[in-house]
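I opened this model to look up its strands, a few loops and some side-chain contacts. My entries follow in the order I made them.

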Amino acid sequence: MSGAQHPVDGRFTDRPDAGGRPDGSRALRRRSAADPATATGPVAPGRRSGRLILGAIAAAALLGAGAAVALTPVAELSAVAPAELTSRPAAATVGCPGPLSLPEELTRTGGDSALGSTAPNPAIAVRSVALDGDSSVLFGTAQASTTRSNRDGTARVPTIAATTTEGQEIDAPVETSPLAVAVQTIPSVQDAARVDLRDSGEAAAVGDVVQQTTTSTGDFRSRSLTRCQSPSTSATFLGVGTAAGSTTTLVLHNDSDRPATASVQVFTADGPAQMEGRSRVVVPAHTTEQVVLESVVPGQAAIGVQVDTVGAPLRMTLQATEREGLTPRGAEILSAMPEPEADQILPGVVARAGGPAPQLVLMNRRGTDVPVTVRVLGPAGPVNLAAVSQPVTVAGGTVQQVTLEGLPPGDYSVEVTSAEAVDAVVRSSVAGSDLPGSTVDAPLDFAVATSAPRLDDGTVLALSPTGPDGRLVLSTTEATTATLVPLGPDGAAGEPVPVQLPADRAVTVPSTALVTTAGPAAALTLVPGIPGTVTAAWVQDGGTPESSGALLSSVTVRQRMQTGEGELTLRSR
């Protein structure tokens, strides 16, 4: 190996190579002293004249280049108009599923002679709320901004616009307040609805939209409170079945200009169902397709449904109605569930005297068995139940039910923990008064509680359009607080409500504690004391004078939904 130069204090030094000989630079200096051909000292006269000639030629070339540069005229600079780039958050558009409807196949064949004797209510009610992301109510206070105003002095607030599926504007006033809050209440519309939420120009808008269907009497006696959602490419549903007397329908809406293909897989207690040619559903542009699931997997007490789409995103819901003989057993319109997690809390579970015990429904879409640990959290802490005293093993690809027998009447949260993520819901039921007739029992209505996110920041929840005859159920993984700010139908705020949240409990805040100067709250904001710890759900269980008792539904409080960044405009000035 030959010698090399080595850095020392930023310089290079000569060191001998591996054979002890001086390196190449030292040898070169020795040769220069002895060999005129390599000398670096004085140059012989003959060589000096040659170098002078070459130097003169090089200088002449440089002078010529300099002359060329000097003679080139300077290009005249033209004025360039500066460009202005503006960015405005784009509107968030959500779709409401519309009223409860009978499947087309059932309408065409007639079905049971008594089933369609009283149709479900063809109208829905919608409540929308939007507020600026920097509004004080998202931080637990109610202070109007003195700097957020238009030139005419009016407050800048987000805008809400609602239309039918045909694009006709729904005539319902939007009430606003200086808190940068806008609220719209649509008491009745006989169609599905699309709602656009747009920012005020100050900050991205934060919003929520829910619809409610209420059928007070008849075969479809029920209440369903459903969150309106944007189209997506994947959806999961759980908590209903296809047993006798049940009708479960997957509804696929395509709002886009492109056709979509939905891939549908149903899971049962025995494993993934054989779809037999029903696993692919083509949904043309601007159309709705329905899949009646009892025609695919009949006689199942509980099923899970997984849908994935290609071509275009879809708005997907699951409609379920149930009867036992001539007795109505409720109905629900289910939005897509959140993605499964290994550690989740399901608030808003209801146990009532006279009604069936709540049922935990677990789905394992994996190919291997998953053990699941379950805790039921009540007002006083964890509740010991024999059914979940040991881990529940859910076989791969199956749906399993666990009856939470022995719960005293009250509101609960259910904690589900597993090594691998599973889907989980809890189905609750409430009983009404006995219906006329010796063969008709007390009617039921049911609701499906899903996993609720641990809130990272202040968020907003739209409440029932017909009045908040319900309550908020909160749970937390560690002791903390939460602040609730009720918002009226006029956008004004009531007094903030502080809530103490002990760890591992279900804490209930009734609607009577959430009031504003304009009456009962139309919406509320929730600010967690410790981010990432608090979960919540709204439970709606009031009845109507003609409904023969309570009607039940619920909706979780989710992370804040806000308008996305978009609508870039580039212009010159």
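**Strand notes**

I began with a bridge: L238 has G304 as its bridge partner in β18. Strands here are DSSP runs of E with at least two residues, numbered from the N terminus. Two strands count as paired if DSSP finds at least two bridges between them. β12 and β18 (residues 303-310) run antiparallel and are joined by six bridges. I then checked burial along β12, residues 234-240. Six of its seven residues are buried, so the strand is largely enclosed by the rest of the structure. Buried means under 20% relative accessible area, with exposed over 50% and partly exposed in between (1.4 Å probe, protein chains only).

Before going on, I noted the ground rules. The model is predicted, so I kept in mind that local features need pLDDT of at least 70 and side-chain atom pairs count only at pLDDT 80 or more, while totals for chains, interfaces and linings use all residues. Residues are numbered from 1 along each chain as its sequence is written, and side-chain values use heavy atoms, with hydrogens and water left out.

L318 has L334 as its bridge partner in β20.

I then turned to the sheet with β29 in it. It is also open, with four strands in the order β29-β36-β31-β32 and antiparallel pairing. Its edges are β29 (459-462) and β32 (497-501), and each pairs on one side only. The twist from one strand to the next averages 25 degrees. β31 (residues 480-487) is joined to β32 by five bridges, running antiparallel. One residue I marked is L484, whose bridge partner in β32 is V497.

T459 lies in β29. Is T459 buried or exposed? At 1% relative accessibility, T459 counts as buried. A polar atom of its side chain lies 2.9 Å from the backbone oxygen of R558. Leaving aside neighbours within four places in sequence, T459 is in contact (heavy atoms within 4.5 Å) with residues including L138, L524, V557 and R558.

**Two loop residues**

Where is S256? I found S256 in the loop between β13 (246-253) and β14 (260-268). S256 is buried, at a relative accessible area of 16%. Its side chain makes a polar contact of 2.7 Å with the side chain of N254. A polar contact is a pair of N or O atoms within 3.5 Å; within protein, one must be able to donate a hydrogen and the other to accept it, and residues adjacent in sequence count only if both atoms are side-chain atoms. A polar atom of the S256 side chain also lies 3.0 Å from the backbone oxygen of R258. Beyond four places in sequence, S256 is in contact with A285, H286 and A312.

M275 sits in the loop between β15 (271-272) and β16 (280-283). M275 is buried too, with a relative accessible area of 8%. Not counting residues up to four places away, M275 touches V264, Q265, V266 and V296. I also took a C-alpha distance: M275 and L293, 18 residues apart along the chain, are separated by 10.0 Å.

**A hairpin**

β7 (residues 174-177) and β8 run antiparallel, joined by four bridges. S177 has V181 as its bridge partner in β8. The hairpin has three residues between the strands, and A180 takes a positive phi near 65 degrees. β8 (residues 181-189) is also joined to β5 (residues 124-132), by seven antiparallel bridges. There, S128 has Q184 as its bridge partner in β8.

**Rings**

How many aromatic pairs does the structure hold? I found zero. R427 does lie over the face of F446, at 4.0 Å from the ring centre.

Methods
Axes are lines fitted to C-alpha atoms, for helices over the stretch in contact, and angles run from 0 to 180 degrees between N-to-C directions. Rings of Phe, Tyr and Trp (its six-membered ring) pair if their centres lie within 6.5 Å; planes under 30 degrees apart count as stacked, over 60 as edge-to-face and the rest as tilted. A charge sits over a ring if NZ of Lys or CZ of Arg is within 6 Å of the ring centre and within 35 degrees of the ring normal.
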